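Student: Hi, could you walk me through this one? I'd like to go piece by piece.

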Amino acid sequence: MGDTGRGLLGLLSPTLLGQLLRELPRGETLAENVQGGLLTPEFVQRLRGEGFSGYALAQLKANLAWLAFYKGRLLEAWRQTDQGSSHGVAAYQATQGELAGGTLSLYRLSPEAIPPILALTGGILRAAALPAGSVVAADLFASLGQEGFTGALVLEDGSSGQGWYFSRGQVLFGAEIPGGFGAGRLHMAHTSAEAPPDLFTVLEQQEQQRQQERLEALWGAAQAVLREYMGRGAVPALERLRRTHTAQDPGTLGPSLRRWLETSLEPNAALMFDRLVKG
Amino acid sequence: MMPVAGLVVTVLLALAWLAGLVLDNTLRSLAEGLFNFLGAWAVWNIATHSPRPMQRVLSGLALGLVLLGVGDLLYTWGLAGHDTSALREAVYIAGVLLFLVMGTLLPISMERQGLYREGFTGRVLLLSVLGGVLLTALSRMIRPLSPVEMLYAGAAFYLTLIFLQQSQALAGGRIGRTLQGVVWALVLGSLARIVTVLVVATPPTLHWSVVVYDLLWISAMSVLVWSAGRRS
């Protein structure tokens, strides 16, 4: 995640964070409580293509999942789990895996509204657990306005809480400046100057790397089989094999290498290949 | 099971050959002839456990050995007073030609299958032809050879060189180990040819060169049996 922090993840309970995310303004509602299966890869591609900004809330049985989009990029995923919460790529993958059995809501926000919200889970901690009673709300809002603060301010009061979001000092979503904070603790995180990486890109890179590793594993197994059968002659045989088998997709390359070993050498060579590929 | 059976048959045939050497030339010749079938059976066994491109070739070599065995049996029959020379020669030539074709096909089919670097087979065959011609010419300098004898000697040298080069290129692998057994058998067989070139045997009198030829040929077949046993 580069220099981006963990925002208020370490301070707020998953339940409270879930409540804050649920209470985010709805902007323009694109879908509400529809079948989770709606978020197909094709639909995600459409969101990317049209530069969607906003967020998705998914209800997966008892747990909530939240996806934040900024100009078509998926910048954050957060998910409640039975044990706590997870975020980032892991949260997105887990959410994708369970979406079919859940419901999904999709809300469009203006792009400027997204970075302050991202501070909740990916911002840099500015202040933690300030006794709210000792802070004068008007003064705090004025000073944040003056410095052009971009980020999130959260008042945690027991199991409930309230959030305010600032973009360049402006309070977003028409939230009113409270007369006073009363009891509770205040947490603040500002949005990192460096945008978090697009989780789609991260996933694609991970997928590419996994494919590369699988391709290397296949070629390694083929090389080992050839060495077993061809000894010194394995090197030129492997060179020719690489020239004739150029598939970059492990799902295609694996069976075609196996077939080649079976017909060019013998069935046992293919079995040896299977064993090596399985590791 | 296979190695034990092969070993037992080898020992029995060797004993029969020894008995024939001492007691009866026909028995000696018969035992030597039967060794060819033992060798053919061994090569067939190697073929069934070999990679696909080698199976057809080794099966062909096994068939070639069967033909040589038939030729040797006809020779044995000839020792008993029948005239078999014309048929015998034809059978021998057919066996040797089969050897030549199959030996040549081995690197070709291996390269076509993608197991050898392109051009490797061309080099192997060229060197084997040159080597075979050279060695046959050298043999001819020792003693004038009839065209048929030249074919036998040339084929033995040519095949030995083909298999030798391939077993070198495949050293350290299963195929190389299989080929090595065949190479040793071919080397011994070639030496046997050299012995017959060096001395003209005059049957039915038993000449020492016949004993040496038999010993080399029996060793060649035994190496094949040993190779087959090692594989299974």
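Student: What should I know before I start?

Tutor: This is a predicted model: local features need pLDDT of at least 70, side-chain atom pairs count only at pLDDT 80 or more, and totals for chains, interfaces and linings use all residues. Residues are numbered from 1 along each chain as its sequence is written, while chains are lettered from A and ligands numbered from 1 in the order in which they are written.

Student: Great. How many bridges link β2 and β3 of chain A?

Tutor: Seven, in the antiparallel sense, between strand β2 (residues 54–60) of chain A and β3(A). Strands here are DSSP E runs of at least two residues, helices are H or I runs of at least four, and both are numbered from the N terminus. Two strands pair if DSSP finds at least two bridges between them.

Student: And which residue is the bridge partner of Gln59(A)?

Tutor: Leu64(A), in β3(A).

Student: What about the turn of that hairpin, which residue takes a positive phi?

Tutor: Lys61(A), with phi near 50 degrees, in a hairpin that has two residues between the strands. Lys61(A) is not a glycine, and its place is the loop between β2 and β3 of chain A.

Student: Is Lys61(A) buried or exposed?

Tutor: Lys61(A) counts as exposed, with 9 C-beta neighbours inside 10 Å. The cut-offs: a residue is buried if 20 or more other C-beta atoms lie within 10 Å of its own, exposed if 12 or fewer, and partly exposed in between, with C-beta atoms placed from the backbone.

Student: Where does β3(A) go next?

Tutor: β3(A) also pairs with strand β4 (residues 73–80) of chain A, in the antiparallel sense over six bridges. Ala65(A) stands opposite Arg79(A) of β4(A). β3(A) and β4(A) form a hairpin too, with two residues between them, and Lys71(A) in the turn has a positive phi of about 50 degrees.

Student: Why is β3(A) said to be largely enclosed?

Tutor: Because seven of the eight residues of β3(A), which spans residues 63–70, are buried.

Student: Switching topic: what order do the strands take in the open sheet of five?

Tutor: The order is β7-β11-β8-β9-β10 in chain A, with antiparallel pairing. The edge strands are β7 (124–131) and β10 (170–171) of chain A, each pairing on one side only.

Student: How many bridges join β7(A) and β11?

Tutor: Five, again antiparallel, with β11 of chain A covering residues 185–190. One of the residues involved is Ile124(A), whose bridge partner in β11(A) is His190(A).

Student: Which helix lies across β8 and β9 of chain A?

Tutor: Helix α1 (residues 14–22) of chain A lies across β8 (151–157) and β9 (160–167), running at about 55 degrees to β9(A). Axes are lines fitted to C-alpha atoms, for helices over the stretch in contact, and angles run from 0 to 180 degrees between N-to-C directions.

Student: How many residues of helix α4 of chain A are buried?

Tutor: Nine of the nine residues of α4(A) (114–122) are buried, so this helix is largely enclosed by the rest of the structure. Among them are Ile114(A), Leu118(A) and Gly122(A).

Student: Now chain B. How do α2 and α3 pack?

Tutor: Helix α2 (residues 25–48) and helix α3 (residues 52–79) of chain B pack at about 170 degrees, with their axes 8 Å apart. α2(B) and α3(B) are therefore roughly antiparallel to each other; angles under 35 degrees count as roughly parallel, over 145 as roughly antiparallel, 65 to 115 as roughly perpendicular and the rest as oblique.

Student: And α4 and α5 of chain B?

Tutor: The axes of α4(B) (85–112) and α5(B) (120–142) come within 9 Å and cross at roughly 165 degrees. That contact includes Ile108(B) of α4(B) and Val124(B) of α5(B); residues are in contact if their C-beta atoms, placed from the backbone, lie within 7 Å.

Student: Last one: how many residues does each chain bring to the contact?

Tutor: The contact takes 17 residues from chain A and 16 from chain B. On the side of chain A that touches chain B, the largest share, six residues, comes from α7(A).

Technical notes:
Contact = placed C-beta atoms within 7 Å.
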